[in-house]
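Let's take a friendly walk through this structure together. Keep the viewer open as you read.

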Amino acid sequence: MAVAPPQLVFFFVLIIGFCFDPTHQKPSVSLNTTRLSKSGDSVLIKWSGVDSPSKLDWLGIYSPPSSRNHHFLGYKFLSSSPTWQFGSGSISLPLINLRSNYSFRIFRWSESEVNPDKRDHDDNPLPGIKHLLATSPELAFESGWVPDQIHLSYTDRLDEMRVMFVTPDRDQRAVKYGARKDGLDDVAAARVSRYELQHMCDWPANHSVGWRDPGFVHDGVMTNLKSGVRYYYKVGSDDGGWSETHSFVSRNGDSDEAVAFMFGDMGTTTPYATFFHMQDESVATMKWILRDIEALGDKPAFVSHIGDISYARGYSWLWDHFFNQIEPVATRLPYHVCIGNHEYDWPLQPWKPEWASSIYGKDGGGECGVPYSVRFNMPGNSSESTGTSAPATRNLYYSFDMGSVHFVYISTETNFVTGSKQHEFIKRDLESVNRTKTPFVVVSGHRPMYTTSNEGRDAEMRRQMMEHLEPLFVNNNVTLALWGHVHRYERFCPLSNFTCGSRGPVHVVIGMAGQDWQPIWQPRADHPTVPIFPQPLRSMYRGGEFGYTRLVASKEKLTLSYVGNHDGQVHDSVTILASGEVLGGEAGGAGVNALGNGIKAAVNDSDGYGVAGFGGKRPSQKIVGFQ
């Protein structure tokens, strides 16, 4: 029998040893499950076999799985796992149902391959895709056909409530509802709509890097509701499945009380890094509003989000994240919106006067208002053509009553000057308000008419708003004018042409719900580079903290309170009497009965006044307002 030469035996031993050496095993990615039950559930992603790991190696999140390598939803660096240096580790990610499967890929990326020209919104380099190491199995959702992203809104009728939701198909869906949880005997069919890639107007919305199938949007209306009654409802179908049962309290036409939670510029967050900086503080805003909802009991209320809604800006899955995030609130309270620059603005928008050429830019990421117009359905029938094949832009201006307050929403992104359809609507609406029934009028829009933020680009916009809109507000005794866009809180005295006095609405900037980029306050005109920011007399309170406002009104008075996210307490408030008298700026004291039914919100005092950035307030004063 022939014996193999010793050199050959040694060679085979080396080969076998190399193949079975765990340090040379092929990189792999595995999942603890291939099916999640519902949006928000987490998957544990494990990897191993990464040889000589780099701190820049990364995990890409993909949906659908057929996406090209550079069309990821987001990414996580493997170095976020404590064992990454050993070539293995794990990351847990909560995921939402995007109506298509997920997959995960790991990539090798080194310092020498960083491309300084490809950066995200935070100016961080986007990860490179040259070296794909491994791909995971696909991950699906068991609840793939069950509706989600459920949200309510008022209609033009007091005895109705609209509910909208998303599914993967256009099959017939309905709303079952009733005054008893075990008696959902009334049924309303839901109409269905959607938008397509070709409806988008610019990059990235009209490119495969930003586009994902948005699903089908269903819209049903619950009718013949009794005033101030808690109703239960669910949405879906027998074939596709039904949602959980939710509830809301209908508007009470016999009550003078109004309660609203109001803010702008909230956005959303994701469990991974993506192309844009996300608004992590939005989670706290929703948390504290949920607390307030629990304290409401069976009182009706609504949410008012005045522009810069999801900050998707052309990356369509961020709309899905937004609606999943607000669902615990929006299934219980109507969620009302107006349009902001990050929903709409694009280079070829149809109304772009010469003075606005540097104001209206690419802030909408090519969405040109389409997702906003299809995913929401506000009262009224306002619309403007996009000038393209895209559906008309909707939900621009409208109004409704709740208790003693008449609420008006306007668009700062479309034509508002004298002679426009919107200007005529605002004029006609304000002139027709029954001040006996609704002594208070609150107007909300996105870009502010007044701010002491050092935002020079919008200066001409503010001048145009003062020329065309302020006379309508002053002459028709508007109580409050609420604005977003500036990501801080600022409350002014009753204003007319920059002057505090007995006429003019109290302007309040409330864009502090989530987005955190913001220019400085206005410096001294003669020392523009010195970090001293005097607070003008017209600015009664300036705050840099994230949060939201609570509006509570009766027939006698309206109170707007600024709630901070770091403690859930009231940091500023203003009360306006039905007579027009303004009781401004009580930011200290033992507390306030914020919702009239037992919520005691301790009010933090702010030291000093005239100090910008961290809650500068002026001394409390009584201002005699319009009669």
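This is a predicted model: local features need pLDDT of at least 70, side-chain atom pairs count only at pLDDT 80 or more; totals for chains, interfaces and linings use all residues.

Contact here means that heavy atoms lie within 4.5 Å. Setting aside neighbours within four places in sequence, Phe473 is in contact with Ile410, Ile426, Leu430, Val443, Met449, Val478, Ala481, Trp483 and Pro505.

Now zoom out to the core around this residue. Phe473 and Leu551 have the most contacts inside the largest nonpolar core, which has 162 residues. Helix 3 (residues 317–330) supplies the largest share of this core, eight residues. In soluble globular proteins, nonpolar side chains tend to be buried together.

Next, look at the strands on either side of helix 3. Strand 19 (residues 302–306) and strand 20 run parallel and are joined by four bridges, with Val303 standing opposite Tyr335 in strand 20. The chain passes from strand 19 through helix 3 to strand 20, making a right-handed β-α-β crossover.

Which residues cover the two faces of strand 20? In a regular strand, side chains alternate between the two faces of the sheet. In strand 20 (residues 335–338), Tyr335 and Val337 are on one side, His336 and Cys338 are on the other, and all are buried.

Finally, turn to an open sheet of three strands, which has the order 1-3-6 and antiparallel pairing. Strand 1 (28–31) and strand 6 (89–94) are the edge strands, each pairing on one side only. On average, neighbouring strands of this sheet are turned by 25 degrees against each other, direction ignored. Four bridges join strand 1 to strand 3 (residues 42–48), and Val29 stands opposite Trp47 in strand 3.

Key: Residues are numbered from 1 along each chain as its sequence is written. Side-chain values use heavy atoms; hydrogens and water are left out. A nonpolar core is a set of buried Ala, Val, Leu, Ile, Met, Phe, Trp, Tyr and Cys residues joined through side-chain atoms within 4.5 Å. Buried means under 20% relative accessible area, exposed over 50%, partly exposed in between (1.4 Å probe, protein chains only). Two strands pair if DSSP finds at least two bridges between them. A crossover is right-handed if, with the strands pointing away from the viewer, the path from the first strand over the helix to the second runs clockwise. Axes are lines fitted to C-alpha atoms, for helices over the stretch in contact, and angles run from 0 to 180 degrees between N-to-C directions.
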